[in-house]
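The chain is shown first.

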Amino acid sequence: MIIENQAQVTDAVLEAFGRTVDPRLRQILLSLAKHLHGFIRDVRLTEQEFQQATKLIAAMGQRTTPSHNEVVLMAGSLGVSSLVCLLNNGNNGQTETQANLLGPFWREDQPLVPSGANLVRSATPGPALVVSVQVEDGAGRPVEGAEVDVWHSSPEGLYENQDPGQAEMNLRGRFMTDAQGRFDFRSVKPAGYPVPIDGPVGALIKATGRHNYRPAHLHFMIFKPGFKTLISQIYVPDDPYIDSDVQFGVTRALIGDYVRHDEPNTALGVAAPWYALDQRFVLEPGEARRPQPPIRAKATEPPA
Ligand SMILES: [Fe+2]
């Protein structure tokens, strides 16, 4: 069609996209055009602002490397990652879920270790953490033979792949659940950490007057055929940023019961203070599928 005025631009786009053969893609494109054009009308986007927007989007791509994904970081900073997660888990957004963001630091080659293993592979000062995990199905039956990846930051807020001072695979491991659906591990209490603010995400964070921290957490990924792979994070409640996560990841269901102990435990060989966490995970039925590893190289920037 020949466009006669601003309103008809949207009609022209809807008409063109309406010919998309794939029905799902057609649905997405039509809705995208309606909302995007509606947004531009709503804020009466100026030509200068439009140029700024295209520059920002280009910069997100340019800043993305094998060890850093600015686009994923921006999706998190806009709450989009969290929304997509919560819409697609917990019975499609109807019930509470333990699903959460993957984050950028899962490694697909984390070593398989026996229950009881200590994830500390090189000197990592900080309070000891003793974790006991139980994996169940929706009926409360133990899930045996689930592969559970665990990874987390150091008490200084750095993942091993960002920190030359940590050994390869420090604070990472993969466990198999036993007949009771359980495994235990030892580690150190993770700390929260800043996301990088030297790109478009930083511009957004500064403009909105936010801090750029994620609260401390443990990452888990639970893989067992017959169940939807559960990607989760268990947050540390005494973190000062627990209710203001820059990535909007913290949900009520994922605030962990980290119990502080102020006496040393000689049986466990831990000095005070140390922390214990007893964590239960419930798997939903669905497809077992591990995600693409978000990074494939040693990172050179702070984590997200
Ligand atoms: Fe993380």
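The text below takes up the helix pairs, then the sheet, then the loop residue.

The model is predicted; local features need pLDDT of at least 70 and side-chain atom pairs count only at pLDDT 80 or more, while totals for chains, interfaces and linings use all residues. Residues are numbered from 1 along each chain as its sequence is written, and side-chain values use heavy atoms, with hydrogens and water left out.

**Helix pairs**

Helices (H or I, at least four residues) and strands (E, at least two) are DSSP runs, numbered from the N terminus. Axes are lines fitted to C-alpha atoms, for helices over the stretch in contact, and angles run from 0 to 180 degrees between N-to-C directions.

| Pair | Axis distance | Angle |
|---|---|---|
| H1 (residues 6-17) and H2 (residues 23-43) | 9 Å apart | about 170 degrees |
| H4 (residues 70-77) and H7 (residues 200-207) | within 9 Å | roughly 20 degrees |

H1 and H2 are therefore roughly antiparallel (angles over 145 degrees; under 35 counts as roughly parallel). Their contact (heavy atoms within 4.5 Å) includes Val 9, Val 13 and Phe 17 of H1 and Leu 29, Leu 30 and Ala 33 of H2. By class, the residues of this contact are eight nonpolar, three polar and three charged. Here Ala, Val, Leu, Ile, Met, Phe, Trp, Tyr, Cys and Pro count as nonpolar, Asp, Glu, Lys and Arg as charged, and the others, Gly among them, as polar.

The axes of H4 and H7 cross at roughly 20 degrees, which makes H4 roughly parallel to H7. Glu 70, Leu 73, Met 74 and Ser 77 of H4 meet Pro 200, Val 201 and Leu 204 of H7. Five nonpolar, one polar and one charged residues make up that contact.

**Sheet**

An open sheet of four strands has the order S3-S2-S7-S8, with antiparallel pairing (strands pair if DSSP finds at least two bridges between them). S3 (172-176) and S8 (230-235) are at the edges with a single partner strand each, so one side of each has no neighbour in the sheet. On average, neighbouring strands are turned by 20 degrees against each other, direction ignored. S2 and S7 (residues 217-223) are joined by six bridges; Trp 151 has His 219 in S7 as its bridge partner.

**Asp 137**

Asp 137 lies in the loop between S1 (128-136) and S2 (147-152). Its relative accessibility is 10%, so Asp 137 counts as buried (under 20% relative accessible area; exposed is over 50%, partly exposed in between, with a 1.4 Å probe and protein chains only). A polar atom of the Asp 137 side chain lies 2.9 Å from the backbone nitrogen of Ala 139. Beyond four places in sequence, Asp 137 is in contact with Val 143, Phe 227, Val 282 and Leu 283.

Technical notes: Parallel < 35°, antiparallel > 145°, perpendicular 65-115°, else oblique. Polar contact = N/O pair within 3.5 Å; in protein donor to acceptor, adjacent residues only side chain to side chain.
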